[in-house]
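Me: I'd like to go through this structure with you before I plan anything around it. Could you keep the answers plain and careful?

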Amino acid sequence: MLVFWLWEKNKVLASVKTTTSSNPVNQVSFSPHNNTQLCVSGSGVFKLLRLSEGVLKQTSTARVENFNFLCHAWVPEDRLIAGTDTGRLLVSESGDIRKEIRMMSKEGQSQADRQVKVMRLKEAEVVESLSACPITAVFSYSKGFVCSTGPGTACLFEKMEQDSYRRSREIQIPPDPQGDQLTLADGQEIQSMCMSPAEETLAISTTRGQLFSVNVSSADMNKEQQLHFDFVCQPFHSSPITGLSICFRKPLVATCSLDRSVHIWNYETKELDLYKQFQEEAHSVALHPTGLFVLVGFSDKLRLMNLLVDDIRVFQEFTVRSCRECAFSHGGHMFAAVSGNMIHVYSFISCENVLNLKGHSGKVRSIEWSVDDSRLVSCGMDGAVYEWNTQTGKRESESVLESCSFTGVAFSLDYKSALAVGSDLTLKEVQDGQVLRAVPADQDAHTAIAVSHSGRVVFTGTSSGAIRAIKYPLPSQRDWFQQRAHSGAITKMVITYDDQFLLSVAEDNCLLVSKIIDKDGRGLKSNRQVVHAEEILVTKLELEEKNQSMMALKMRIEELQMEHEYRLRLKDVNYNEKIKELSDKFQQEIKSLKTTQQVMNVEVETCKRESEKNSADLAKKHVKQLKDLERSFNQKLILEHEKFQDLQEKLKKTEEDYKKQLRSAEQSKVQALEEATHMYEAKLQEKTQLLAQSQQEAQLKISVLNEVIKQMEEDEELKLNAVQIKYEKKLQSEKEINLNLKGKTDDVKHEIRCLQAQVRDQSADTHKLQQERQSLRDLITALEGDIQELNMQIFGHKQTIENKDITISDLKGKIQQLEKLKFIYEFQLNEFRKQTETQKEEIKEQREMIMTLKDDLQQMDKSSTQLKLSNSDLRLKLKAKDKEIFKNLQKVKNLELRLTRIRSDLHTCVGYIQEPRKLKESIKILYAHHIPEPGSVERDSEDVEEEEDEDDVQTTLTAQRDELEKTVDSLKMKLDNSDAEHNKVYEKMKKVRDT
């Protein structure tokens, strides 16, 4: 069943049945161009599916019953490349398998440069496959694709044309350098492939659980040497891990596995320190407390090995077959090994069998030593938990449950009771042969147990791969903290001596390092202070080889120094010659430039002389022109003065005419005013007379009308009303006329007033004109003074203009000459610049060369100074050794003096050989004189001096060895750097010579 998930929402979008149980699916992948399209491949299965409207629909049907597809990959243009178990590469277009990639080898072509063609695939056609081995992995990238072509091998194919590929390189997994036999990893089939986003690194995973990578960049691909895969970080176990052990003096963990390998890990750095491959399967492992030795149990023998710097070597074998469990004592002086139902105890110092503990009727599954190494607890498949006395070999307590098969046992904190786990799904605490407490488990059985050194926590591993933390003393109910750790049953568990890490191994081939913390996230506090040592084991042969290599390196350094000095001298000579040549060239060029400068100075002087002559001529011309301009300006001034006089006369005449006009205008105004007053007075009299007459007539008419009204009141009321209305209208009109006449009289009076105001204004204007006349006269006098001043200024300006014209003419001539010279100089400067630019470029190049050579010389000086310092250090060490040798010689001389004194005293004693009493006394005196008492000061001081000398010798030897190793490493680095620098300098010299 294929299920299509929307993982962000934990929602199933669609599901479909793709195959039957007899035809398994090997790979499912999405299209990189469309996330709704996917491909399913397997045994007899090759389908393209698309999600539409919530349903997965099959978009193609192909006949693939005879093919077993192990892998596939998407290539551009929505194509698919699929690999089969018979080594065939098939190409699918729109779901139909139409083509096959075949190898077409040509004569004269190497295997890595063979052409690959895409051929049409006919029905029921059987062709030669690309590889006889199954193709288990395919991966496509921008330049082509990669596929596996055999155990531990992969091939790169580059796309050449639309339907052709080129097999560019073949990459293999290298032989195991730590194995006993140089065999390729034949059993390692490539499971999957991936490539970095920059397409520079290819990574693979194998069936043995290993990760490899290789650099496939263009630079590395162009090299002709064979490419090999390298471990991504370190080699892992490929089979279930059967043994686990730690040591006290170092942060090391030893594991063994059914893959015939032993690994030594560092649980602080999480790195692999050592590993070795053996011919037999390793069932158990134990590290010595010092971390310098390891005990490994094989099916045929038990081997004790040394952990060297870069190897694990066997130095003792024991005839203990099928050793499933082994453990060193805490002191390291003994170790126990299990063979079936018997426990063998050996002495680590003498390698002799000390005890054989018999009592189990079934196989022993677990053992553990007490802290004082006086007791040992064991459990087995017979349901027995025994506590042994390692000094007498007797059982101190026993507990047997036949219904249970125990798999793990450990001491409690006080070492009075033992904790055991087994197949009955319970954790038991056993003391004096009785079960004190039992903690029931759930469906998962406990398979391993470990107790913290603080005694507060007990860790157990289950058959499902979970780790449980249980408080101690044990609770009566199920109360623990559980964490999922492994995917298989846990086989071993160990807690480090500082209670910081929990180490567990399982059948899933994994070693898990867990940090132990409390509920607040803090680490457990330990009363022990563990100080890790840094000692390592080194054989005498390796030391001698290193000393020989050091001597050879010293000789090589001396030779290189001589060669380097010789090369430096040659370079100095060559560079001095070049510098001389360059200096000569530059001096010649400087001389030529000086001569050209002198020539240019002469030309400049001649140009100055010519410009001075031209300026004198121009000055004469300007003098003549100024005189002419003065004459013309004087004539113009005379004309202007005459015009000014004429204008003054005209002003006088206009003033007189204006006065006459003012007088006549005043007289006319007075006459007009008198006439207008007479006229308007006459009109007023007439109007008043008319008003009086009209009033009289109106009165008469009114009286008449009154009489007529009285007579005709009854008959003509209507007529009277009309007449009244008419006459009223007439009265109103008359009144209006009178009002109009009154308004006209007011207008006339207003006009008279205006005329009077005009007369006043005219008189004020005349007064103003008189004032203006006086002001104009003052202005005329001021303007005459200004005219004189302006004439003076005009005369000065004329002189300055003449001078400026002269200078301008001179400057124009000079500018013309300078432009000519500028053109000539620019032309010459351009030529000089071109020459100087080329010379500057050459100078820059030579300066850069000189700077690089100076840098090289400085680096060489630094290296030489460092070498001198190392030589001085070695000389100091030699002086110290000479002093020690001198001390030893003095000691030898003192001893020889003692011997001579003893001989002389013995010779005197021999003279008393016939007198036994004197002989006895002389011998006592000799003994007292030459052999002091054990508590005397002389004896103690001599012994202390000898012991101190021995300690000093050992310390100096170790210090000298460390310093010599450091100096060797530093000298190696310096040699590499000096070789690289020499090569760079040599290449630069080659380039200089070629140029």
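Me: What is the mean pLDDT of the chain?
Reply: The mean pLDDT of the chain is 81, and 90% of its residues reach 70 or more, where pLDDT is the predictor's confidence in each residue, from 0 to 100. This is a predicted model, in which local features need pLDDT of at least 70 and side-chain atom pairs count only at pLDDT 80 or more, while totals for chains, interfaces and linings use all residues. Residues are numbered from 1 along each chain as its sequence is written, and side-chain values use heavy atoms, with hydrogens and water left out.

Me: And where is the pLDDT below 50?
Reply: Residues 122-129 are one such stretch, with 11 contacts in the model beyond near neighbours in sequence, a contact being heavy atoms within 4.5 Å. Residues 180-184 also have pLDDT below 50, and that stretch has 12 contacts beyond near neighbours in sequence. Where pLDDT is low, the predicted coordinates should not be read in detail.

Me: Which elements line the largest cavity?
Reply: Those giving two or more residues are α2 (540-711), α3 (717-910) and α5 (937-994), and α2 supplies the largest share, five residues. Helices (H or I, at least four residues) and strands (E, at least two) are DSSP runs, numbered from the N terminus. The volume of the largest cavity is about 110 Å³, and its lining includes His-564, Tyr-575, Met-860 and His-982.

Me: What about the second largest cavity, which elements supply at least two residues there?
Reply: For the second largest cavity these are β35 (384-389) and β39, with β35 giving the largest share, three residues. About 60 Å³ of space lies in this cavity, and among its lining residues are Ala-418, Val-430 and Asp-432.

Me: Is β39 mostly covered or uncovered?
Reply: Strand β39 (residues 426-431) is mostly covered, with five of its six residues buried, meaning under 20% relative accessible area, against over 50% for exposed and in between for partly exposed (1.4 Å probe, protein chains only).

Me: Which strands does β39 pair with?
Reply: β39 pairs in the antiparallel sense with β38 (residues 418-422) over four bridges, and with β40 (residues 434-440), again antiparallel, over six bridges; two strands pair if DSSP finds at least two bridges between them. Ala-418 stands opposite Val-430 in β39, and the bridge partner of Lys-428 is Ala-438 in β40.

Me: Which residue takes a positive phi in the hairpin of β39 and β40?
Reply: That is Asp-432, with phi near 55°, in a hairpin that has two residues between the strands. In the hairpin of β38 and β39, which has three residues between the strands, Leu-425 takes a positive phi near 65°.

Me: Last topic: which residues lie nearest the centre of the second largest pocket?
Reply: They are Ala-469, Phe-481, Ile-517, Asp-518 and Lys-519, out of 27 lining residues. The second largest pocket holds about 890 Å³ of space, and β43 gives the most to its lining, with five residues.

Key: 1 Å grid on protein atoms, 1.4 Å probe; cavity = no way out; pocket = protein on both sides within 12 Å on 5 of 7 lines; lining within 4 Å. Points joined across faces, edges and corners; volume = space filled by probe spheres on them.
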